[in-house]
Amino acid sequence: SEALEVADGEYWRYALLSLRPERGDSSFSWADFQKMVNNDLNDTIGNFINRVLKFVSDKFDGAVPQPERQTPDDQKFISDVLSKKKNYIDFNYSLRIKDAVKEFLETGHIGNEYLSSQKPWDLIKKDYGRASTVIYNSVQAVHHIGFMMYPIMPLKSENLMNQLNIKGFINEMVWDAIKPGYKINRGAVSPLFSKIKIINDN
């Protein structure tokens with residue numbers, strides 16, 4: 001109960017699975033815990049998800065946009081995300097949970113890098129079709145991240161389901177899990193995570 005007074009129970013689940021001692025000793029520090037929540041969950045996973053869903057809500061009236069031609073950059077992004085999902089599933093079957101959690105986090109990094117390189121906020125002003133493709137792909141990545149999130153943080157995953165307006169996540173290795181035109185739950189779009197302050201950064 002004291003741990004839950006310090007931070008959300010889902011944050012503890014993520015940290016404990018990330019630090020799980022599978023092939024050697026593991027140590028815990030408050031600094032590491034704070035960094036996991038603030039950097040991994042809030043700034044990486046949460047930032048990507050919220051940027052994408054807010055963009056869909058604000059620029060596409062809450063409807064998943066229709067993609068146009070996929071470029072080599074898009075194809076690499078799709079391949080990278082699905083590869084991470086496959087690794088995540090394989091690691092879970094092998095009971096390499098710590099490695100599976102790492103794949104989950106790295107998928108968030110891939111998503112943020114894709115958005116930063118493609119700049120849909122600029123594209124929407126000059127190339128609506130290209131912006132639509134980038135955001136369509138990003139929504140699919142959010143879905144696959146949600147699938148990976150469920151065993152780690154089930155309550156946060158259910159919150160994401162509500163935001164996406166879906167009943168669950170598919171485990172198949174297919175990209176177009178959420179079809180163009182599908183309406184997300186605009187009223188529910190909000191950050192999944194928030195930063196914590198346990199220790200001073202200095």
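Start with helix α4: its buried residues are D74, F77, I78, V81, L82, K84, K85, Y88, I89 and F91. Those buried residues pack against α5 (97-118) and α7. Bear in mind that this is a predicted model. Zooming out, the chain has eight helices and zero strands, and its radius of gyration of 17 Å is close to the 17 Å that the globule rule gives for 202 residues, so the chain is as compact as a globular protein of that length.

**The chain as a whole**

- Reading along the sequence, you get the pattern α-α-α-α-α-α-α-α.
- Taken along the principal axes, the C-alpha atoms fill a box of roughly 50 × 35 × 35 Å.
- Of the 202 residues, 50% count as buried.
- The accessible surface comes to about 10300 Å², and 50% of that belongs to carbon and sulfur atoms.
- Looking at contacts between residues at least 6 apart in sequence, 74% join residues at least 24 apart.
- On the charge side, there are 26 positive and 26 negative side chains. The centres of the two sets lie 4 Å apart.

**Helix α4 and what comes after it**

- Helix α4 covers residues 72-93. At 1.5 Å a residue, its 22 residues should span 32 Å, and its end C-alpha atoms are 32 Å apart, which agrees.
- An α-helix has 3.6 residues a turn, so residues three or four places apart point the same way. With that in mind, look again at the buried set in α4, which includes F77, I78, V81, L82, K84, K85 and Y88.
- After α4 comes L95, whose phi is positive, near 60°.

**Helix α7 and H143**

- Helix α7 takes in residues 128-152, and 22 of its 25 residues are buried, so call it mostly covered.
- The length of α7 works out too: at 1.5 Å a residue, 25 residues should span 36 Å, and the end C-alpha atoms are 36 Å apart.
- H143 lies in α7 and counts as buried because its relative accessibility is 2%, below the 20% cut-off.
- Leaving out residues up to four places away in sequence, H143 touches L164, I166, G168, F169, I170, A177 and I178.

- F104 is found in α5, and with a relative accessibility of 0% it counts as buried.
- Which residues does F104 contact, leaving aside neighbours within four places in sequence? They are Y14, I45, Y88, I145, M148, M149, I152 and M153.
- Y88 in that set is also one of the buried residues of α4.
- F104 and I145 are 41 residues apart along the chain, yet their C-alpha atoms are separated by 6.7 Å.
- Not counting residues up to four places away in sequence, N112 touches D43, T44, N47, F48 and R51.
- For N112 and N47, the C-alpha to C-alpha distance is 7.9 Å, while the two are 65 residues apart in sequence.

**The loop between α3 and α4**

- R69 sits in the loop between α3 and α4. Is R69 buried or exposed? R69 is exposed, with a relative accessible area of 64%.
- Beyond residues up to four places away in sequence, R69 touches D74, R130 and T133. D74 is one of the buried residues of α4.
- R69 and R130 are 61 residues apart in sequence and 8.3 Å apart in space, C-alpha to C-alpha.
- D61 is found in that loop between α3 (30-59) and α4 too. D61 is partly exposed, with a relative accessible area of 47%.

**Positive phi values to check**

- Most residues other than glycine have a negative phi.
- N165 is another non-glycine residue with a positive phi, near 65°.
- You'll find N165 in the segment after α8 (154-164), where it counts as partly exposed at 38% relative accessibility.

Conventions:
Residues numbered from 1 in each chain as written. Predicted model: local features only at pLDDT ≥ 70, side-chain atom pairs only at ≥ 80, totals over all residues. Heavy atoms only, no water. Helix = DSSP H or I, 4+ residues; strand = E, 2+ residues; numbered from the N terminus. Rg over C-alpha atoms; globule rule 2.2 N^0.38 Å. Buried < 20%, exposed > 50% of the residue type's maximum accessible area, 1.4 Å probe, protein only. Contact = heavy atoms within 4.5 Å. Areas by Shrake-Rupley, 256 points an atom, 1.4 Å probe, with all protein chains shown as cover. Lys, Arg positive; Asp, Glu negative; His and termini not counted. Charge placed at Lys NZ, Arg CZ, Asp CG, Glu CD. Expected span 1.5 Å × (residues − 1).
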